[in-house]
Amino acid sequence: YYQPKINLATGLTCGTEALVRWNHPELGMVPPDEFISLAEQSGQIRQLSAWVLYRAVKDCSAWRDQGYDVSVSINLSAINLRDRELFEEIGNVLDRWSFDPAHLVLELTESAVMSDPAFAMQILKRLREMGLGLSIDDFGTGYSSLAYLKQLPVTEIKVDRSFVRDLAKEKPVSDEVFDSFKGLYSYDKGELGATSEEAVAT
């Protein structure tokens, strides 16, 4: 499945996020929170992530060939960051489809980055050197600060809905928070985004 990302200024689709969904013949739709953790525990997360990477780049390449100026985002887990073949695998898929790395965004949750900040910093820097986009997902649910976030070579921040749900009711606080985000945006020339659920929450 793909979730579109809409540019609110133009109303046009500017990207998509690849979402894995499991429709089990007996259990029905299994929530990703359940089967992703099972994949991590069983050691199959690498194969799952590799398949998502291949399929996402293949599909986005086809869309771009049809004239659609979109990017595609995929999610990585903390386990993926420790995969020694991660860089080679990404490079091979990009080469297979002659895909511009600037149109591929790798999303990691804030908690995945904060599980080992020093190590994550090294990996993220290497991925950015490959020309890939990097996104911090669910920002506001972990323990990082905007000061630490400024050090990360990310191009996009997705603020968790729990972080912004009540900001409209807390005007003084909301102004301070969003001024901080705007400062971060200016710092790294990245993007601030929200998923459809988060947008509804605001």
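**Stop 1: the end of α4**

The model you have open is a predicted one. Keep α4 in view and colour its buried residues: Leu86, Phe87, Glu89, Ile90, Gly91, Val93 and Leu94. What do the buried residues of α4 pack against? Show α2, α3, β6 (104–109) and α6; these are the partners.

**Stop 2: the whole chain**

Zoom out. The cartoon shows ten helices and nine strands. The chain has 202 residues, and 39% of them count as buried.

**Stop 3: the nonpolar core**

Hide the surface. In soluble globular proteins, nonpolar side chains tend to be buried together. Here the largest nonpolar core holds 36 residues. Which of its members touch the most other members? Select Ile74, Ile90, Leu104, Leu106, Val113, Leu127 and Leu152. Now colour by element: α2, β5 (71–75), α4, β6, α6, β7 (133–139), α7 (146–149) and β8 (156–159) each give two or more residues to this core.

Centre on Leu104. Set aside its neighbours within four places in sequence. Leu104 is then in contact with Leu53, Val57, Val72, Ile90, Leu94, Phe99, Leu132 and Gly133. Two of these, Ile90 and Leu94, are among the buried residues of α4 from the first stop.

**Stop 4: salt bridges**

Side chains of opposite charge can pair when their charged atoms come close. How many salt bridges does a search of the whole structure find? It finds eight.

Start in helix α2 (residues 45–65). Select Asp59 and Arg55, which form a salt bridge with the closest N and O atoms 2.9 Å apart. Both residues lie in α2, four residues apart, about one turn of the helix. An α-helix has 3.6 residues a turn, so residues three or four places apart point the same way. Is Asp59 buried or exposed? Asp59 counts as buried because its relative accessible area is 14%, under the 20% cut-off. Arg55 is partly exposed, at 40%.

Go to Asp69 next. Asp69 forms a salt bridge with Arg64, and the closest N and O atoms are 3.1 Å apart. Asp69 is exposed at 58% relative accessible area, whereas Arg64 is partly exposed at 26%.

Then select Asp116 and Arg82. Their side chains meet in a salt bridge, 2.7 Å from N to O. This pair links distant parts of the chain, 34 residues apart. Asp116 sits in the loop between α5 (110–114) and α6 (117–129). Arg82 sits in the loop between α3 (78–81) and α4 (86–96). Asp116 is partly exposed, with a relative accessible area of 27%.

Finish with a network. Show Arg46, Asp83, Glu85 and Glu89 together; salt bridges link them. Asp83 lies in the loop between α3 and α4. Asp83 is buried, at 16% relative accessible area. Not counting residues up to four places away in sequence, Asp83 touches Arg46 and Glu89. Glu89 is one of the buried residues of α4.

**Stop 5: aromatic pairs**

A pair of aromatic rings is described by the distance of the centres and the angle of the planes. The structure holds three aromatic pairs. Select Tyr2 and Trp63: they are edge-to-face, 4.9 Å centre to centre, with 80 degrees between the planes. Tyr2 is in strand β1 (residues 2–6) and Trp63 in helix α2, 61 residues apart, so this pair links distant parts of the chain. Tyr2 is partly exposed at 29%, and Trp63 is partly exposed at 23%.

Move to Tyr54 and Trp97, an edge-to-face pair at 5.8 Å centre to centre and 65 degrees between the planes. Tyr54 lies in α2 and Trp97 in the loop between α4 and β6, so the pair ties together parts 43 residues apart in sequence. Tyr54 is partly exposed, with a relative accessible area of 35%.

**Stop 6: cysteines**

How many disulfides does a search of the whole structure find? It finds zero. Select Cys60, which is buried at 0% relative accessibility. Then select Cys14, which is partly exposed at 35%.

Terms used:
Residues are numbered from 1 along each chain as its sequence is written. This is a predicted model: local features need pLDDT of at least 70, side-chain atom pairs count only at pLDDT 80 or more; totals for chains, interfaces and linings use all residues. Side-chain values use heavy atoms; hydrogens and water are left out. A salt bridge is a side-chain nitrogen of Lys or Arg within 4 Å of a carboxyl oxygen of Asp or Glu. Buried means under 20% relative accessible area, exposed over 50%, partly exposed in between (1.4 Å probe, protein chains only). A disulfide is a pair of cysteine sulfur atoms within 2.5 Å. Contact means heavy atoms within 4.5 Å. A nonpolar core is a set of buried Ala, Val, Leu, Ile, Met, Phe, Trp, Tyr and Cys residues joined through side-chain atoms within 4.5 Å. Rings of Phe, Tyr and Trp (its six-membered ring) pair if their centres lie within 6.5 Å; planes under 30 degrees apart count as stacked, over 60 as edge-to-face and the rest as tilted.
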